[in-house]
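Here is a short tour of one protein chain, written for someone who is new to reading structures. Have the picture open while you read.

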Amino acid sequence: PRTGRLALYLLGLRATCPPHSPQRSLVTWLKYYLEEDWTGSRRRGHPLTSYYQYGLGVLALCVHHKRVREEVIRRLLTAQHHGRLGHGGNAVDTEAVVALAFTCLEQRRLVGTGLAAELRAAAHRASRSMAEAQGPDGIIGNIYSTPWALQVFLATGTCQTEPAFGQAMAALLQNLEAFGTAATMAQVLPVLHGHSYLDITSMHCREESDTLTPMDIEPPTEVPGNKTVQLVVECPLPWCYELRLYDRPVPVPAAASLLDVLWAAAALEPHNFKFHTQDTPQGPFLTQVLGLEARQEKRNYWQLLTAPNTPLQMGIADYRPQDGETLILRLSEW
């Protein structure tokens, strides 16, 4: 099921103030996908896609003023209560999306009084959890999950009293260069203007003016010289018997990104080092290294770190390592 992609499309469609309503059949499809998405829960205990996509689906339906069956909502409430929404930055993303969905359903009065009180309490629990997850640098989870957390503070009204809000906003302003794709810009722009996705529901479309204009983006300037990056691939138990599978210095141009480093490693040892990526709205996503594939059904992924153990705040195409830096690709569980 394409639950998450369809949900994002419907959120974007609602935000563009369409003159007609072509989304009625799409909303019906989203309801169908939400049910299909849950069919795997009897065996797996979680949606076929993820709680993140499932939460996005509920949020999109709410923004379109569509009621959601109480059973669908309680699946998310139960998952949050039992701490099933993940770990690290992925958990912040998921918990934030779920909290936004809860807040929308409660504020739009699309549920009964008793359930509304439960949803309000759950959203505030999520807000406190995000404040506790904030690092000393102000980032909550990772740089891409921080806008989601800020949206929750804005939607629940805790932005005025929560110190984590100002610290996270300051961190966001210092790292705006990380948001270079349309998908990541869509997450950060509402926050920079003091809004969350919930504000889409109350837009007055007749007051919206067409101010979109093409933007000329200058190509990045060339950086002269070269650098050497130490590239390490790790695969812990239970997937591999040997932790460190690859450990080599890779010479690259000074302006090279992590993706460029991977291509250079593949060119140096075409028979030993191979990798695959998948194109996503957020940019290329690393799916396979040295024949080891990260798969959603196995609930694992390739984590990107700089030595000794610091997760990267950008994707492989955006992060530009320093000369002499050690980069680790680690197969990890989420």
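Predicted model: local features only at pLDDT ≥ 70, side-chain atom pairs only at ≥ 80, totals over all residues.

## Packed helices, starting with α7 and α8

Now take α7 and α8: their axes are 10 Å apart, and the helices pack at an angle of about 135°. That's why α7 and α8 are oblique to each other. As for handedness, α7 and α8 make a left-handed crossing.

Who does the touching? On the α7 side you'll find Ala 123, His 124, Ser 127, Met 130 and Ala 131, and on the α8 side Ala 149, Val 152, Phe 153 and Thr 156. Sort the residues of this contact of α7 with α8 by class and you get six nonpolar, three polar and no charged.

## α8, an enclosed helix

Let's stay with helix α8, which covers residues 146–156. How many of the residues of α8 are buried? The count is 11 of the 11, so the helix is largely enclosed by the rest of the structure. Among the buried residues of α8 are Trp 148, Gln 151 and Ala 155. Just after α8 comes Gly 157, with a positive phi of about 80°.

Helix α8 also meets α9: the two axes come within 10 Å and cross at roughly 145°. This crossing of α8 and α9 is left-handed. From α8, the contact uses Thr 146, Pro 147, Leu 150, Phe 153 and Leu 154, while α9 brings Ala 164, Phe 165, Ala 168, Met 169 and Leu 172. Classed by type, the contact of α8 with α9 has nine nonpolar, one polar and no charged residues.

## On to α9 and α10

Next, follow α9 (residues 163–174) to α10 (residues 182–192): the axes of these helices come within 12 Å, crossing at roughly 125°. That angle makes α9 oblique to α10. The crossing of α9 and α10 is left-handed.

Met 169, Leu 172 and Leu 173 of α9 make this contact with Val 188, Val 191 and Leu 192 of α10. What classes do the residues of the contact of α9 with α10 fall into? They're six nonpolar, no polar and no charged.

Time for the cysteines. Searching the whole structure turns up one disulfide. Cys 62 and Cys 104 are the pair it joins, with 2.0 Å from S to S. The angle about the S-S bond is -95°, and the link of Cys 62 and Cys 104 is left-handed. Since Cys 62 lies in helix α4 (residues 51–63) and Cys 104 in helix α6 (residues 88–107), the pair ties together parts that are 42 residues apart in sequence. Both Cys 62 and Cys 104 are buried.

Cys 159 counts as buried, because its relative accessibility is 16% and buried means under 20%.

Is Val 63 buried or exposed? It's buried, with a relative accessible area of 0%. Setting aside its neighbours within four places in sequence, Val 63 is in contact with Leu 11, Arg 14, Cys 104, Tyr 197, Ile 200 and Thr 201.

## Loops with backbone details

A few loop residues deserve a look too. Arg 109, in the loop between α6 and α7 (113–132), has a phi near 55°, a positive value in a residue other than glycine. Arg 109 counts as exposed, since its relative accessibility is 70% and exposed means over 50%.

Leu 290 sits in the loop between β4 (283–289) and β5 (292–293), and it has a positive phi near 55° as well. Leu 290 is partly exposed, with a relative accessible area of 24%. Finally, find Pro 308 in the loop between β6 (300–306) and β7 (310–311). The peptide bond from Ala 307 to Pro 308 is cis, with omega near 5°.

Methods:
Residues numbered from 1 in each chain as written. Heavy atoms only, no water. Disulfide = S-S within 2.5 Å. Helix = DSSP H or I, 4+ residues; strand = E, 2+ residues; numbered from the N terminus. Buried < 20%, exposed > 50% of the residue type's maximum accessible area, 1.4 Å probe, protein only. Contact = heavy atoms within 4.5 Å. Axes fitted to C-alpha atoms, helices over the stretch in contact; angles between N-to-C directions. Parallel < 35°, antiparallel > 145°, perpendicular 65-115°, else oblique. Left-handed = near helix turned anticlockwise from the far one by under 90°. Nonpolar A, V, L, I, M, F, W, Y, C, P; charged D, E, K, R; others polar.
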